[in-house]
Amino acid sequence: MDLIQSVKLYIVKMTEDCGPGMKVLLMDKTTTSIVSAVFSQSEILQKEVYLFEQLTPNSSSDNMYHMKCITFLRPTKENISLLCKELRNPRYGYYYIYFSNIISKTDIKTIAESDIQEVVREVQEYYADYLAISPHLFSFNIPSCGQCLSWDPLQLTRCTQGIISVLLSLKKCPLIRFQASSKMSKQLAEKVKDIFSKEENLFNLKQGDIQPQLLILDRREDPVTPLLIPWSYQAMVHELLTINNNQVDLSHIEDIKPDLQKLLLCAEQDDLYKQNIYKNFGEIGEIMKSLIDDFKSKAKDHKKLDTISDMKAFVENYPQFKKMSGTVAKHVVIMEQLSNYVSKKNLLEVSELQQQIACDIQSSQHTQKIRELIEKNIPEEEASKLVMLYAIKSVSKDSNRELTSLIQLLKSKKVAEHWIELVHDIMKYQSKTILDNENTLKNAKQITKRFYKDLKGVDNIFTQHVPLIKELVEDLIKSKLKEEQYPFLSEINQPMKKVQDVIVFVIGGVTYEESMAIYNLNTANPHVRIILGGSTVHNSSSFLNEVKLATFGVIKNRTGSRKL
């Protein structure tokens with residue numbers, strides 16, 4: 001189960017189906033992101049695709065009848081309308097039309113009626129309706145799933161379509177499990193099952209002896225993980241600099257070189273990034289130092305051009321040398337920015353306390369330590385997130401009084417009202433299950449662990465918290481996940497004794513730290529294959545935006561209860 005290869009195969013097949021000759025790739029905004037996530041422009045040029053266009057109401061009016069048009073679109077009403085307009089006045093010789101998901105017969109009829117000049121050679125469904133971020137991680141880039149702790153109907157449809165696309169691209173028809181405490185999880189599970197019934201022929205797939213499982217979860221069950229400062233490379237870059245469609249935008253940084261303002265971070269196109277994506281901040285620093293020393297050594301060697309042999313070696317190695325130069329420069333700039341943020345925001349101290357709160361270590365000292373850090377004038381967003389974590393995790397009889405005191409302290413430090421409101425919003429957002437079950441075995445296990453602070457601190461005291469998703473998936477692959485809490489949508493004939501293929505989807509988004517946890521589970525359990533997906537991939541900023549939108553219209557009238 002490799003998501004990147006699945007999407008790549010579809011795109012390669014599109015380019016091959018229309019035969020040799022010059023081609024244009026006509027896409028919408030979403031499919032442009034889907035293609036660019038798995039192919040570089042130079043790679044797709046090798047498939048004779050020389051022009052890339054987006055289908056918009058104001059598309060170019062230039063006619064190029066000598067080119068074949070590969071059209072890759074989501075089957076939305078807007079896209080169908082724009083495509084019909086294109087076909088009525090075609091700009092290219094022939095059209096090969098591919099939809100990223102299931103298209104209705106009515107829409108196919110509408111397209112056929114618009115093809116007056118008979119330029120359409122093919123219409124196909126190629127199920128690549130998701131962003132393949134890594135072989136085991138996908139996203140739909142949905143910033144918010146709804147409000148009033150309920151689905152936005154449009155996003156419910158989008159998530160349903162996306163999951164269907166993932167399953168069809170992997171050729172899986174799984175048993176569906178969902179989080180019993182989440183109404184949204186059950187609604188999504190039922191929508192997916194409805195498509196299984198409606199498109200029975202598509203899902204008539206050979207599954208082998210062990211049927212795959214689709215587990216649908218709700219972000220509200222674990223609001224802690226997205227609030228914590230991560231220390232693995234990919235997750236840290238997303239938290240502090242933001243990765244958007246495999247790009248990091250540094251154009252806001254003063255005096256940065258033009259070629260370093262927008263950096264591509266894609267494991268498929270950057271071996272250095274691929275090899276170190278899950279390394280921690282300390283390890284990456286050492287790797288960068290080693291690379292720079294190696295680069296300096298090679299650069300010094302290249303200055304010696306005394307003989308024809310030296311010149312020949314330089315010319316042969318120059319492309320590789322130049323590529324290495326660009327790659328090293330890119331990651332050095334990123335590391336410099338990360339290091340600046342860690343120092344400027346006092347993130348080592350903040351992270352250590354975050355971990356203690358998240359893992360209930362030295363809980364009696366939490367409020368005092370939070371006060372001390374706030375008094376040190378740490379950035380208002382970090383101060384507020386510490387108070388949010390305390391609000392989520394505190395269950396003692398004095399916690400309400402302490403929380404009120406911490407909020408007052410934030411106000412006295414002139415923290416923006418937006419952040420104060422988010423403290424209340426996160427309390428509305430957290431699942432009632434958390435409120436009822438804070439003192440779980442998980443926390444008991446965490447308290448028994450001992451951690452020591454040393455030079456490699458980011459490997460221990462800063463990474464103590466284990467995402468809930470890791471524990472749930474571990475239980476699932478051991479067939480220990482409780483059915484009363486995560487029931488099957490349909491009755492199964494016999495208990496599931498073995499698990500092989502698992503697709504986990506999180507409503508409300510996942511994090512890169514959770515992606516790393518799933519990667520490690522795949523590595524440690526070669527007999528199982530786990531895919532993780534979410535409505536989006538969050539950092540703390542995007543997560544809190546989703547919390548704000550999700551809790552809009554929800555009134556909190558007393559601790560642990562919500563009124564709509």
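Helices here are DSSP runs of type H or I with at least four residues, numbered from the N terminus. With that in hand, let's walk through this predicted model, starting with the overall picture.

The protein chain carries 21 helices and 20 strands. Of its 564 residues, 52% are buried. The chain exposes about 27500 Å², with carbon and sulfur atoms supplying 50% of that area.

Now for the inside. In soluble globular proteins, nonpolar side chains tend to be buried together. In this chain, the largest nonpolar core has 153 residues, and Leu188 and Leu338 have the most contacts inside it. Leaving aside residues up to four places away in sequence, Leu188 touches Trp151, Leu156, Cys159, Thr160, Ile163, Ile216, Phe505 and Ile507. There's also a second, separate core of 20 residues, and Leu26, Leu55, Cys69 and Val120 are among its members.

Two individual residues are worth a look, Ser351 and Ile277. Ser351 sits in helix α12, which spans residues 347-358. Ile277, on the other hand, lies in the loop between α9 (271-276) and α10 (281-302). Are they buried or exposed? Buried means under 20% relative accessible area, so Ser351 qualifies at 0%, and Ile277 does too at 9%. Their neighbours are listed here, not counting residues up to four places away in sequence.

| Residue | Relative accessibility | Touches |
|---|---|---|
| Ile277 | 9% | Ser232, Tyr233, Gln234, Ala267 |
| Ser351 | 0% | Ile229, Trp231, Phe462 |

Finally, a helix pair. How do α19 and α20 sit relative to each other? Helix α19 covers residues 468-477 and helix α20 covers residues 512-524; their axes come within 9 Å and cross at roughly 30°. Angles under 35 degrees count as roughly parallel, so α19 and α20 are roughly parallel to each other. The crossing of α19 past α20 is right-handed. As for who meets whom, α19 brings Ile469, Lys470, Val473 and Glu474, while α20 brings Glu514, Ala517, Ile518 and Leu521.

Note on methods: Residues numbered from 1 in each chain as written. Predicted model: local features only at pLDDT ≥ 70, side-chain atom pairs only at ≥ 80, totals over all residues. Heavy atoms only, no water. Core = buried A, V, L, I, M, F, W, Y, C linked by side-chain atoms within 4.5 Å. Buried < 20%, exposed > 50% of the residue type's maximum accessible area, 1.4 Å probe, protein only. Contact = heavy atoms within 4.5 Å. Areas by Shrake-Rupley, 256 points an atom, 1.4 Å probe, with all protein chains shown as cover. Axes fitted to C-alpha atoms, helices over the stretch in contact; angles between N-to-C directions. Parallel < 35°, antiparallel > 145°, perpendicular 65-115°, else oblique. Left-handed = near helix turned anticlockwise from the far one by under 90°.
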